[in-house]
Amino acid sequence: MKGNVKKAIVTRVRLAFLGVCLFSAAIIWKVSRIQFKEGEKWRALEQERRVVYQPVFATRGNILASDGKSMMATSLPFYRVAWDPSVVDKETFKSGVDSLALLLSRFFGDRSPQEYKRRLKNAKNASVRYVRLNSRQINYQEKKMLSSWPVFRAGKNKGGVIFEKVDKRFRPFGGLAQRTVGFLNEDKNGAGLEFTYNRYLAGKDGEALFERLPGGNKPIYDGTEVKPQPGYDIQTTLDINLQDVAENALYKSLIQNDAQYGCVILMEVQTGEIKAVANLGKVADGVYREDYNYAFADQGRTEPGSTFKLASMMALFEENPNISLDDTVNTGRSGSMRIGGAVKSDTHAYGKVSVKHVIEVSSNIGVAVLIDREFNKKPERYAEHLKKFGLNKPLGFQMSGEARPYIKDPTDRSWSRTSLTTMCIGYELKLAPLQTLAFYNSIANNGVKVQPMIVKEIKQNGQVLEHYEPKVLIPKICSDETLAKLHAMLEGVVVEGTARAIRTPDYPIAGKTGTAWKFKNGQYTKMYSTSFCGYFPANKPKYSCIVVVDSPKRGNWSGAQVAAPIFREVADKAMARDAASQRPLLARAPVNKSYVPLVKAGMQDELMEVCQQLGVSTHSRAEGDDWVRATTSTDSGTKSLTWQSAAVRPGRVPNVQGLTLRDALFLLENRGLRVRTLGSGRVQRQSIAAGSPARRGSLITLELNPIGAAPTVITPIIPAPNGPLADTKTALHPENVGAKTETKTASKSKA
């Protein structure tokens, strides 16, 4: 019995041992098969998974002020520094590692020279192919400096240095017009111009191969990469100086009156171009910031109060042209009167006054009596007039987020017998400040209602792609007779009415004060929204302006006390600046007229596109060539341009005379030459002759002259191939090399 048990156990052990041996043999066989027979397949698959295409983000376009030069938002290039030790030969590494470690330690300040040296050596010995040296982002000048350090100066392919470009949005004027310029977050949500015009500003991303390595992704430049296309520039109508004036005047008033928020909009009467738009809201006691766009968005849509009385008077005069400014209205002796089922009150008892004086003193009773007398039995006619003035529709403003106006109609379920006399003095309806301003602007503009505009051009490399002209919304908002009456009333408000405190002998002002109770929790409170809207100079209007200050708390509570002084300060500065700029010209430069534009040289595709847009005839004798020079020819009496080949030979210095600086930089820096420029305009002369060998690191000096300027002479400068650039200023933003250039080094990208 015991023998049988022992025999069974031995048998099982042998079977188990045999199974283990067979399983081990199978593993060894499989490993050998994978290693030797299928090795190439799996190595290729692993390499394929390590190499991926990733987007290369385009440089975002600039947002420019009205002068086309002042940048309100731009993208500056910054770089992360990485290193590939696998491409550095032992001799180069050994001779430069000590100096490189010392420089890295001094520059970044996060590790000692010994620590950096140890890190560099470990990466080199371990055959690491990518190591990020520091997480800090460096600017363009710092990048140029690091490129000259030991090991790194051998370049990307021999020194292993990798500069990963990262664009950062920068506002040269700080918080000026911050809410108008706006923002765009990572989810592509935002506000302002950045958000509205993102399709233009964003450009088109490219893509390139990246290898996934420990520590990050290393770019692979194998010629398959797609270069990103930079975004377009947006030129606004904003005037930097007037914007600064508007924001400062508003900020001082908000602080002085401890108000909740405020906005100022300054607009050109004839064109509708917005020259300044300021938005400030309280975020803490004494602290104001541009968090919302009160000027035209929902946050600023409120009951306008007395500024709306002008629309009621326009409707009155249009309905009954026989009403004159000298007609009288009895407002009572108590300062209070029941009209249309509701009690209306004034700050003073005015008694019997003229129609003109009703607006000058902003009498609620006077306006309500006039409107009730004319429209009581036909309120729909009053609503029709308001619609005719375009007050019930958005303006179609160029920025997203415009508030939708609310004008009550007798067909609305909320209409009551008191609605007519309440609406006529600016309640039971809502408008954004920009919508009120557009209405007043039409009065200043002889009845022509234009669409406010804040963007006038879309540009690429200085060339205009889209140009926006002023758009007329309503050709004639009312009759000339009505306009004359309204002009007289608005001027009277400043001469002897509620806004007489801002009257100035230097130029006439026309406008209307507004003071509206705030509606909260189902009832009107003793908090006010104050405003002033008007235009100047009244005899020949150039600017219209609206000021809104919400919930002032320090004594002052009316539009005349709070908003009107801001209007006056902005108007004074605008008029003073215009007077300074309107000096007589001492001489006029002769105008050179030509049948064809002055073209010298450039990219054939770009030049042909420009000529097509201008309707200029062209002929090409350089089919298939990228770079050409232009000559003027006459064909059957008609002048045209002929393209001649401008061959660019590899390894040779190209002829860049006649090229724009941007094109010249592209050709020269792609051949490893360092560029110094003198003057501005097109390239007049170059210090290294065309056709000479292009020695990497050599300094070439370009003399630039404006088109049409007389050429000057410079002495050719041919420095040592790797000599120092002691007198060179490095451009902070290489894409903007331009007028009045001193000596700059520019980018290698042609944008």
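The lining of the largest cavity divides into seven nonpolar, six polar and one charged residue. Here Ala, Val, Leu, Ile, Met, Phe, Trp, Tyr, Cys and Pro count as nonpolar, Asp, Glu, Lys and Arg as charged, and the others, Gly among them, as polar. The model is predicted: local features need pLDDT of at least 70, side-chain atom pairs count only at pLDDT 80 or more, and totals for chains, interfaces and linings use all residues. Residues are numbered from 1 along each chain as its sequence is written, and side-chain values use heavy atoms, without hydrogens and water.

The largest cavity is lined by 14 residues. Thr302, Glu303, Pro304, Ser531 and Val548 lie nearest its centre. Two or more lining residues come from each of α16 (433-444), β25 (523-536) and β26 (543-550). The volume of this cavity is about 100 Å³. The structure holds three cavities of 30 Å³ or more. A cavity is a set of points on a 1 Å grid over the protein atoms alone where a 1.4 Å probe fits but cannot get out, and lining residues have an atom within 4 Å of a point.

A helix pair was also examined. The axes of α11 (residues 309-319) and α14 (residues 379-388) come within 10 Å and cross at roughly 110°. The two helices are therefore roughly perpendicular (65 to 115 degrees). On the α11 side, the contact (heavy atoms within 4.5 Å) is made by Ala311, Ser312, Ala315, Glu318 and Glu319. On the α14 side, Arg381, Tyr382, His385, Leu386 and Lys388 take part. These contact residues divide into four nonpolar, two polar and four charged.

Terms used:
Axes fitted to C-alpha atoms, helices over the stretch in contact; angles between N-to-C directions. Helix = DSSP H or I, 4+ residues; strand = E, 2+ residues; numbered from the N terminus. Parallel < 35°, antiparallel > 145°, perpendicular 65-115°, else oblique. 1 Å grid on protein atoms, 1.4 Å probe; cavity = no way out; pocket = protein on both sides within 12 Å on 5 of 7 lines; lining within 4 Å. Points joined across faces, edges and corners; volume = space filled by probe spheres on them.
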